[in-house]
Amino acid sequence: MVREIQPHVIEICTSATARYRHIIQNTSASGNATDAELVAKFLQACIQSLSQCSQLLRTKVQSEELLPSMLMVIETSLAVGEACFSLCQWVEQQFSHTAKGLSQLFTSTCSLLKLSMEHLDLVSFGSCSDILVESIKAIIARLQLVCKVVMCFDASLMFLTWKGLGKLVCGAKPLLDSNWMVQPLVANLCAAVEAKARECIQCAPIGQETPCSSYSKLLKVCRFLATLLVKLVREFEDLSYEFCADIVHLLVTVHSVCPPSSLAKEVAPAIAQDVDTNVLILREPLISTLLQSPPFLLRLVRGTDVQKSQHFGWALCLSSLAKFFSKLSDGMKDQLMEADSSQEGRSTSCPMLDAFFSCMRECYVDLRVPILLPGVMCNGQAQSPVTLYDHICTHLCTLVTSLSARHYNQLEVVLLKNLLGEDPYCSLLASDVWCFLARWGTNETCIQHVHLLANLPASVPFIACLCSLHSLPLFPASVPFIACLCSLHNLPLFPSQPSSVVYPSLYVWGHSGTGKTLVIQSVLKKLQVQFAFVSCIDCYTPQLLFESALRQITATHSDPMTGRCDSMAKFVRVLSQVLNECGPVAYLVLDKAERVRDMEPTLLPSLMRLAELRKGDSKKSKRKVPKDKPSCQLQGPKPFPLDRMMAVFYSIMEDCEAPSTDVYSQISSLVTMQLVAQVGNGCDLDNPRYKCLVNLDFIRAVSRSVGFDIVQYLYDFV
């Protein structure tokens, strides 16, 4: 009987709903009595179909013989319900309100759907025939259509249908070939999660506004859908190759449109916490579930489908993967860490690490705005929010702890490439991870890193270094840190004999407490050379600096320095005399050296040229230059007026146009960068006076980089 009734019921309902749409579309705004009667008739036909299905469903299942008929009745009811719900959805989208007569139809459809789900719960799956399997497949297909339609209606209907669908799919898994249904089901559920997440962010209150009831309901819907998705993925983990693309797209998209992403709507911290708890909660459960799925992991790491606007979400997913990296098999680790040449002919040194640095390059907006992410617990202290850079750096260091020694080669290649790259954030990240690797690795690994970084400046052309000036401070930041570790491990960092090469100056930079002072003093004591350690905080004037340095250098001599030294000329002369008697080399270490810039304008460039000035003073002394008359070389550059500088400039640049604001702005930039200093009292605004603060070697290097031979314009070399 049911088999005979089913086609007629479905045909009546579908034809009635289709005819209803046609009449509504072609009815004029005013309408007439005939149209109203036709609409009423078709609505009555739909309601009649629903009544017939309800009557069939009210028959209780008492034996397995009635199970095929019951499943057919449920399928019929779902088909009728889907047609009626689709009609109500269409009318609401077209006219923004419920048309007359549809209220009863919607209420009847809801009752039928609830009744169908109640009877579906009563079905137990044992040994099913082919007819029952086909009925179950048809019910699953119908339920997916119903789930997509009811998403825009009451939340209780959505809970009811998705819960019933999940239970049916999991219960019927032993009976069915899961391949045909898993991918569409997961895809539909991922689309539902993404749609509700976007809707939740759109409805989220701004500032101190009180959340509305619809927002609270959306949070519950999102959490329910996310929980159901995780459950289905765990159930069908062995078929992850079917839906891995949908999972990756969902993860990177949802995290890119929700706080704290810079693309998300700005909300209060409490709202952002609600979104993280109810919407973004699915990230780590999904990734931890699919750790043994190579298709998912490779797709996530390669990021082939990730758009530029999704790199923030991609970065968070990679960080979560790094957190679970130690749980991967050795074979899976090798796939993620070894070179990959399968992507359109491009070879990558390490897919996992390259993905991290790719995120750093693309997330420049998120790195510059105050985005805070949950931190990590350290030393038993409570978690504190951290920036995106700290979040990525912490998890990348966690990844390093999970690597084997066989992966260090790829790791060092990627770190070195990014350390010398053009992106400052990637350079800084590579430096921080490298320092962590030196501390984490073995003694042999540590000394290899020291030798590599120490020999690197000599192997890189000077012009290439000029093109990557932002990376130069990273070397003194890395080398002292690693050197301190080498000292602790008693590694042979320093040569047995001092080198004959004397560097004019070396600037050591690093965060406070990283061991800069300890390392420098240890190196100089180990080499047993003469040196003076001067604090620029205590010696806040040039005279105090000169006298402190000379006292320390001559402390062990028979005639220690005790007099005054109030000029650079006298300092160089006395220093030359001391070194001629006791040794060729002495080192002057200035602690807090940046304070020298606040002293006399010529002090810093003179100290940078100290070795050159001492040699020049020695040559002048051999020529019996009177001691009371300082040489021109020791006096340093002389002040010059703006008119003279512009005259020299335009005599060289013959084809240059008249003075413009661009030229004058460049002069101001030179003053700001402390390459040139303005001298005098500043009263002459029309023709100010300046003085050069850089040495000749620096000027030569800059002139070579722009293809200009400065030497032929200097008087001393003509």
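A: Helix α25 covers residues 568–582. Helices (H or I, at least four residues) and strands (E, at least two) are DSSP runs, numbered from the N terminus. The model is predicted, so local features need pLDDT of at least 70 and side-chain atom pairs count only at pLDDT 80 or more, while totals for chains, interfaces and linings use all residues. Residues are numbered from 1 along each chain as its sequence is written, and side-chain values use heavy atoms, with hydrogens and water left out.

The expected span of a helix is 1.5 Å times one less than its number of residues. For the 15 residues of α25 this gives 21 Å, and the end C-alpha atoms are 21 Å apart, which agrees. Buried means under 20% relative accessible area, exposed over 50%, partly exposed in between (1.4 Å probe, protein chains only). The buried residues of α25 are Met568, Ala569, Phe571, Val572, Val574, Leu575, Ser576, Val578 and Leu579. An α-helix has 3.6 residues a turn, so residues three or four places apart point the same way.

Helix α24 (residues 542–553) has 12 residues, which should span 16 Å; its end C-alpha atoms are 17 Å apart, which agrees. Its buried residues are Pro542, Leu545, Phe546, Glu547, Ser548, Ala549, Leu550 and Ile553. They are covered by elements including β3 (530–535), α25, β4 (586–591) and α26 (603–608), where contact means heavy atoms within 4.5 Å.

Next come the cores. A nonpolar core is a set of buried Ala, Val, Leu, Ile, Met, Phe, Trp, Tyr and Cys residues joined through side-chain atoms within 4.5 Å. The largest has 129 residues, and Trp162, Ile247, Phe296 and Met352 have the most contacts inside it. Helix α8 (residues 213–235) gives the largest share of this core, 12 residues. Apart from it lies another core, of 24 residues, among them Phe546, Ile553, Val572 and Leu575.

The axes of α15 (residues 351–362) and α17 (residues 388–401) come within 11 Å and cross at roughly 170°. Axes are lines fitted to C-alpha atoms, for helices over the stretch in contact, and angles run from 0 to 180 degrees between N-to-C directions. The two helices are therefore roughly antiparallel (under 35 degrees is roughly parallel, over 145 roughly antiparallel, 65 to 115 roughly perpendicular, the rest oblique). Met352, Leu353, Phe356 and Met360 of α15 meet Tyr389, Ile392, Leu396 and Leu399 of α17.
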